[in-house]
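The structure comes first, and the description follows.

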Amino acid sequence: MVQVNRGARSRDIIIPAPILGLNKKDSLGAMAPLYAITMDNYIPLDNRISLRPGYSSYVKLDKKVETLASYVKPSYNKFVAIANGKAYDVTSPANVSQIEGVSFSKSRCQTVQYKNYLFFFNGLDTPKVFYFDSKDTLKFEDWSFSAEGLQPQRIIAGAVSHEFLWFVEKNTLKAWYSKEAGNISGALYSFDLSQVSKWGGELVAIANWTVDGGSGMDDYTVFITSEGEAFVYSGINPNSADSWELKGSYKMSKPIGYQCTMQYQGDVVIISEDGYIPLSKALSANNAVRSEVAFSDNIRGLVLDRTAANKQKEGWHGIIYNKRGIALFNVPVSQQFEQHVINVNTGAWCRFTNIRSYCWCLFEDKLYFGSDDAVYLFDDGYSDNGGLISGHIEQAFNNLGSDNLKKIQLLNPRTRSSTRYSLVIYTNMDFEERNINYYANIGDVGRTKWNSSKWSSSGNPIGTKWSTSSTSRIKSQWIANSSTGFKASIVFKTQTKGNVIEWFDTGVRYELGNGIM
């Protein structure tokens, strides 16, 4: 019989919070420790993870809000909502009014502002334009463009490139553009891409794309079809053969919907079946179907899953929210919505849940979304209109510095919060997928307070609730845990309202299993 030396074998290691964000690309065995398998309602920042902000009711309309549009003019900034076929001025929540004399057959519209004119398109109605006339009277009426052979009701989207207004005709490969640069009414000319298209389909979007060609910045006009064909034209005047040239056509993954483009710092991000792809990477790579050209590559598995089942649903679009340094992509999922969110400074991804949003819009640097019965103001406090925000993070599996079997005894999450909150923290081992139920413990009644009682019991050593005191300092406390295996994933779950929670890292104490087996 060989005696085994059972001296002290406990080790401590600090695991940083997963600031590299959500990873749906790598296998569980190969994923780097700073990634997360799940990251819901927490935003990865430079050195910590922070709970996403909440939202509050801005305007109650009792109708589904499918379009929000911001009209920007000095002294005349206006905020417009389209719901149940009606237009509403929601600039001031205390003075909401229906805009008389205008109606829509379909409330979901694409919009574009040029000069002081805001155009609305839905592919069913004659396009409408919102503006103030020379007498400062608000007008919301049918546009004043016309052309031989044009059916205005088929116009579904618009864009501005080189001071020309461009329009997309639904179910065709035809674009229309203003006769002269600067025109906001009058004659339109057609531009038929069926002459150069190799893949067919229909035109879905037009965008202005700024590229550094090595000798300065060049602006191109890009036409994108439903089959993923992108036509890049140089020049400033489509009416001049000397100033309008096809630079190339490219094939990438198929775009999703008529709101598939998002402008960002001169670049254009395409919402596609294969991810969220910047044109600067997709077209210059000359192999745009490869996933690595997408800056959403880390969540490609999630995007592929969502597009496979939901690409025909309406609501896909993207928006930049500079105040938080994020880009947000709205994703319809079954009867719900989720948002895929990237930290534009670090490239780290996360997911927002429980935000039922048909559309998003920036108005005076604040972010709003339309829902079933109201317009909501996002980033207003840390509750979802008075309800709880549920956060859920599962960190990548980690061998904790040793390939040996180990028993994890204690966890020490280092967090900072604005008020008290409750937490469930435990470890999953060796790629298991346990989901310990969370029992809400909001408020002071029945709350376990610091240093007044045990943090867990032998009957329930995992998934134990605990609470922090209100403090601006980083707080830490060892918490009992009981799990055995080779690789551990730290699961961090919160449920709170009115609270800013930040997670920095977690101390792990484990007993090495050398000699046990």
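In the classes used below, Ala, Val, Leu, Ile, Met, Phe, Trp, Tyr, Cys and Pro count as nonpolar, Asp, Glu, Lys and Arg as charged, and the others, Gly among them, as polar. By these classes, the lining of the largest pocket holds 22 nonpolar, twelve polar and four charged residues. The model is predicted.

**Pockets and cavity**

The largest pocket has 38 lining residues; nearest its centre lie Thr111, Val112, Thr261, Gln263 and Gly318. Several strands take part in this lining: β7 (65-71), β11, β16 (155-161), β20 (203-212), β24 (261-264), β27 (317-321) and β31 (359-363) each contribute at least two residues.

The second largest pocket is lined by 22 residues, and those closest to its centre are Ile256, Gly257, Tyr258, Lys311 and Gln312. Its lining comprises six nonpolar, seven polar and nine charged residues.

| Space | Volume |
|---|---|
| Largest pocket | about 1,200 Å³ |
| Second largest pocket | about 550 Å³ |
| Largest cavity | about 40 Å³ |

One cavity of 30 Å³ or more is present in the structure. The residues around the largest cavity are Ile15, Gln395, Ala396, Asn398, Leu400, Ile408, Thr427, Ala488, Ile490 and Val508. By class, seven residues of this lining are nonpolar and three are polar, with no charged residue.

**Overall make-up**

The secondary structure consists of two helices and 41 strands. The protein has 517 residues, of which 52% count as buried. Among contacts with a separation of 6 or more, 61% are between residues 24 or more positions apart.

Is Thr38 buried or exposed? Thr38 counts as buried because its relative accessible area is 15%, and the cut-off for buried is under 20%. Apart from neighbours within four places in sequence, Thr38 contacts Leu22, His392, Ile393 and Glu394.

**Aromatic pairs and charges over rings**

How many aromatic pairs does a search of the whole structure find? The search gives 45 aromatic pairs. One of them joins Phe104 and Phe120 in a tilted arrangement, with 6.1 Å from centre to centre and 50° between the planes. This pair links distant parts of the chain, 16 residues apart: Phe104 is in the loop between β10 (97-103) and β11 (110-114), while Phe120 is in strand β12 (residues 117-121). Phe104 and Phe120 are both buried.

Phe104 also has a charged neighbour: Lys128 lies over the face of its ring, 5.7 Å from the ring centre. A further case involves Trp199, where the charged end of Lys251 sits over the ring at 5.1 Å from its centre.

Elsewhere, ring pairs join a set of residues into a cluster made up of Phe164, Trp166, Tyr177, Tyr189, Phe191, Phe223, Tyr233 and Trp244.

Definitions and conventions
Residues are numbered from 1 along each chain as its sequence is written. This is a predicted model: local features need pLDDT of at least 70, side-chain atom pairs count only at pLDDT 80 or more; totals for chains, interfaces and linings use all residues. Side-chain values use heavy atoms; hydrogens and water are left out. Rings of Phe, Tyr and Trp (its six-membered ring) pair if their centres lie within 6.5 Å; planes under 30 degrees apart count as stacked, over 60 as edge-to-face and the rest as tilted. Helices (H or I, at least four residues) and strands (E, at least two) are DSSP runs, numbered from the N terminus. Buried means under 20% relative accessible area, exposed over 50%, partly exposed in between (1.4 Å probe, protein chains only). A charge sits over a ring if NZ of Lys or CZ of Arg is within 6 Å of the ring centre and within 35 degrees of the ring normal. On a 1 Å grid over the protein atoms alone, a cavity is a set of points where a 1.4 Å probe fits but cannot get out, and a pocket is an open set with protein on both sides within 12 Å along at least five of seven lines; lining residues have an atom within 4 Å of a point. Grid points are joined across faces, edges and corners, and a volume is the space filled by probe spheres set on the points. Contact means heavy atoms within 4.5 Å.
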